[in-house]
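Please look at the model first.

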Amino acid sequence: MSRAPDSHWASIGEAGFVGGIRLLVGIYKLFGRWPFRLVLYPILSWYVLSHRVARTASCDYLARLHAFSGGSTPAPNLANVLRHFAAFAETVLDKLLVWRGDLDDTEIRREGSDILQAAIDAGGGGVIMTAHIGNFEMLRKLGETRRGIRLNILVHTKHAERFNRLLRETHPEAHIRLIQVTEISAATAVLLAERVEAGEFVVIAGDRVPVSQRPDTLGVPFLGAPAPFPVGPYVLAAILKCPLIALVSSRRRDHFHITVRLLAERVVLPRADRLGAIAALATGYAALLEAECRAAPLQWFNFYPFWSPQ
């Protein structure tokens, strides 16, 4: 079954929402975070009420998480949908503030950071699979080691161009290597292999359906029901013959929490059971996302029909 064209995440106005935060960023720079919040909620109220697909997707996620958690997470009502979008807006602000250095004094609690440090020290590079949870830019904090970390982030072109423009306006000195792709071609794979061989890391999201016309996905249990997860990150790690690491960073009250998990020292996909091997890895990744969503329920930012069939 095909998903309606306007319900794919790439066709929903999330990037436009990010672009609309320019005014709010300016307010923050002049007056601080609380005036930012005061102006934020009227804007969010209009956005939530006028964007049915995103609003419905948020409510669906909150309902599934609420049931999965036994009622310990926010209920799926309009007030919590508004809080969900507010958390996203504050996260976009935090992304920019990380590069400005304004969050340097914020407490960061790390879980499993030795895994990433060991991969950095080994000098062999790897694939880091992240998610649309919280603020990935906090990885920069983990990279502040004696050897540092070199990242090649795979992003969807349309969204990347708009956010990069906002990032340059806010902090022109920020440098990060973005590789804008809609799917992994042979040429891209060769380029990424060279980067990994040089000890660099490829960063790819593991919780969004590819933009291509025939996305390659696998149904994996997530929050009580099968959801389509992309197989691309696992295939890429197998091609590059390198470690596959999951990393999630979220804001939890007054601090950031960074979780790192080693999914595989090396991904091997046997011909006899390729999908089975991918399913085992994707199931472990989905379980990590479930735990992160329970710990920070308003930090998961996939505002499209995530559980819909492809």
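Buried means under 20% relative accessible area, exposed means over 50%, and partly exposed lies in between (1.4 Å probe, protein chains only). This is a predicted model: local features need pLDDT of at least 70, side-chain atom pairs count only at pLDDT 80 or more, and totals for chains, interfaces and linings use all residues. Residues are numbered from 1 along each chain as its sequence is written, and side-chain values use heavy atoms, without hydrogens and water.

**Strand β3**
- Helices (H or I, at least four residues) and strands (E, at least two) are DSSP runs, numbered from the N terminus.
- Five of the five residues of β3 (residues 151-155) are buried, so the rest of the structure largely encloses this strand.
- Leu151, Ile153 and Val155 are buried on one side; Asn152 and Leu154 are buried on the other.
- β3 pairs with β5 (residues 201-205) in the parallel sense over three bridges; pairing takes at least two DSSP bridges.
- Val202 of β5 is the bridge partner of Asn152.

**Helices α4 and α11**
- The axes (lines fitted to C-alpha atoms over the stretch in contact, with angles from 0 to 180 degrees between N-to-C directions) of α4 (residues 52-68) and α11 (residues 274-295) come within 11 Å and cross at roughly 95°.
- That makes α4 roughly perpendicular to α11 (65 to 115 degrees).
- Tyr61, Leu65 and Phe68 of α4 and Glu290, Cys293 and Arg294 of α11 make the contact (heavy atoms within 4.5 Å).

**Glu90**
- Glu90 lies in α5 (residues 78-100).
- Glu90 is buried, at 14% relative accessible area.
- Leaving aside neighbours within four places in sequence, Glu90 contacts Arg33, Phe36, Arg37 and Leu40.

Conventions
Angles under 35 degrees count as roughly parallel, over 145 as roughly antiparallel, 65 to 115 as roughly perpendicular and the rest as oblique.
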